[in-house]
Amino acid sequence: MISKKLLLTGVTVLMVLLSSCSKEPLTNSNSKSTLENELTYLKATVPIESYALDWENVDEVPSPDGDIRLPWQAASSVGINNNILHDYSSEDGWELIYSTFDENSTADHLFFTLYNKYRGVIRTYFYTDPTSEISSSYVTSTINLLGSQSFNSPILNFADQTVIDVNSYSSSASMVQPFQFSRATWYAFEYELAYDENIDLLSFSELSQQWKLGSVNISSVDLNGSSKGEINGTIKSDNKDFSSNGNVSSGDSSNMSSNFSGDENQDKGSNIWKDLGGAVKDGILGAIKGGVQGAATNLLSGIFGGQTETTTEYVKLDIKTDIAMSGTIESSHGAGGPNIPFPGYGASSSGVAYDEAPGVFYLQNRPEIDHVKRFRTLIHSNNPGGPGGPGGFDGGIGGGIGFGNIEEIHTNNYSIDENSINVIWNPDLLAIADIEDFNTEIVSIYPEIEGTNIRVSGKEEQIGDFEALTGQHLYTGSNSTLVNSGEIASVPDDLEIVGVRISFKVVPKNGDSPVFIVKTFKSDIDFSYTQETENI
């Protein structure tokens, strides 16, 4: 096996999309008219035709003229991030799902779709019409769920949600990439799929996928409060559609993908590395180093590894920072876009080349965090007192508090209820891979304790632009306070919980390179309060 670089390319950085004060804000709307919903449902009843494609062993895709070279071949015109351009080997888990390329005819939508069975990632390669040209600054993509069960499946929750809420279902995911929309050009978009345990009971008319390719003109970009004028990465916003005319809002989570080498001196001008703050850069480097070593740190979500014969690893990394945009959305290229089945329908034939269920895993329910708030009053009725020890106060650490003194201690303890972690593994994955090093951690915002009498316990991390406190058990508490001597006891605030971070390795049974996966899930809090008085 070829040795691999520690610092890798292809990082996905999670961002918060803020409202812009521009005169042309991107405004919301994810709603569709009743007529549109009916037409969309009807389109989901009949799949478009798919053809065979030996993508690894040919230079060109089948076509009547035979002149369309695959995107990774020399002389191909591409708008594809370098981190995924040469990542397509079946040895690394890639399988063909669909292709519309045929030597005898030209389809309305030219594309092929691959799925990585170890990562749970679906990727579509679009080839644009050689005769069309749309003036735009950026290219967009959206994947929609269609069919009668499209609002009851979690399959796009990983693609659309930053912190996954198992109590809600995402029916679409969307992104903008920093490439101009051009004719006769390849574009590629990928989304991470969650495992839907009911997919083997469904059919194409009940659940299918629709891909749309479009364009957007963005007139201004602010990164962490500074105007940058352009996008240098891939923006993906929670619950937003960048491929519908004007139907994009600012205000929620998004993510940006760029080609980081991990060395600031080597990074090219086509990424956002130079625009990020020092703390954010340090967080990204820590996340990469930890991820390739199988440790979840400085990130909410990520996929690491899974490439065997390359000098660099695949890295899909979600980090958080702030971005604001304004601009106009142009018409989608080929309105409606291709509509194809998912693999894994079970007894129902889907017509796809690979027909095992997609997705690596999901959770049956929200993880539960036990939060115990404790208030202790200690009355020193039998303690003779004494001098304090190093670092303590008189009569404190290293000695007794003294007769009649009253001590107060306020604490918060957080721990994961491991019985609430109910993982639904994809049985098709378990047939070809083992799960190792499964781990759970609480992720919270690091509390503001500077200048206070508060202590914390946990691991401090830099997740994008916010400081986090993480660990299987978290603690905040006041130092002991002699309230009868005039001291005022400090009371720690409750931690702001982000969620429960889950990480594990997918280890192929055939000896291929393992994949390390990290996802963060929204959690429920089980709160309890105790108040105790002790005579000591």
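**Salt bridges, burial, strands and cores**

Tutor: By the rule that a salt bridge is a side-chain nitrogen of Lys or Arg within 4 Å of a carboxyl oxygen of Asp or Glu, the count comes to 16 salt bridges. This is a predicted model, in which local features need pLDDT of at least 70, side-chain atom pairs count only at pLDDT 80 or more, and totals for chains, interfaces and linings use all residues. Residues are numbered from 1 along each chain as its sequence is written, and side-chain values use heavy atoms, with hydrogens and water left out.

Student: Why is the contact of D87 with R119 called a salt bridge?

Tutor: The closest N and O atoms of D87 and R119 are 2.7 Å apart; the limit is 4 Å, so the pair qualifies. D87 lies in the loop between helix 2 (82–85) and strand 3, and R119 in the loop between strand 4 and strand 5, 32 residues apart. Helices (H or I, at least four residues) and strands (E, at least two) are DSSP runs, numbered from the N terminus.

Student: What makes D87 count as buried?

Tutor: Buried means under 20% relative accessible area, exposed over 50%, and partly exposed in between (1.4 Å probe, protein chains only). D87 has 0% relative accessibility, so D87 counts as buried. R119 has a relative accessible area of 1% and is therefore buried as well.

Student: How are K117 and E95 classed, as buried or partly exposed?

Tutor: K117, with a relative accessible area of 17%, is buried, whereas E95, at 23% relative accessibility, counts as partly exposed. K117 forms a salt bridge with E95, the closest N and O atoms being 2.9 Å apart.

Student: What makes a group of residues a nonpolar core?

Tutor: The term denotes a set of buried Ala, Val, Leu, Ile, Met, Phe, Trp, Tyr and Cys residues joined through side-chain atoms within 4.5 Å. The largest such core has 49 residues, of which F112, Y125, W186, V506 and F521 touch the most other members. Strand 25 (residues 497–508) supplies its largest share, four residues. A second, separate core of 34 residues includes Y115, A173, I199 and F342.
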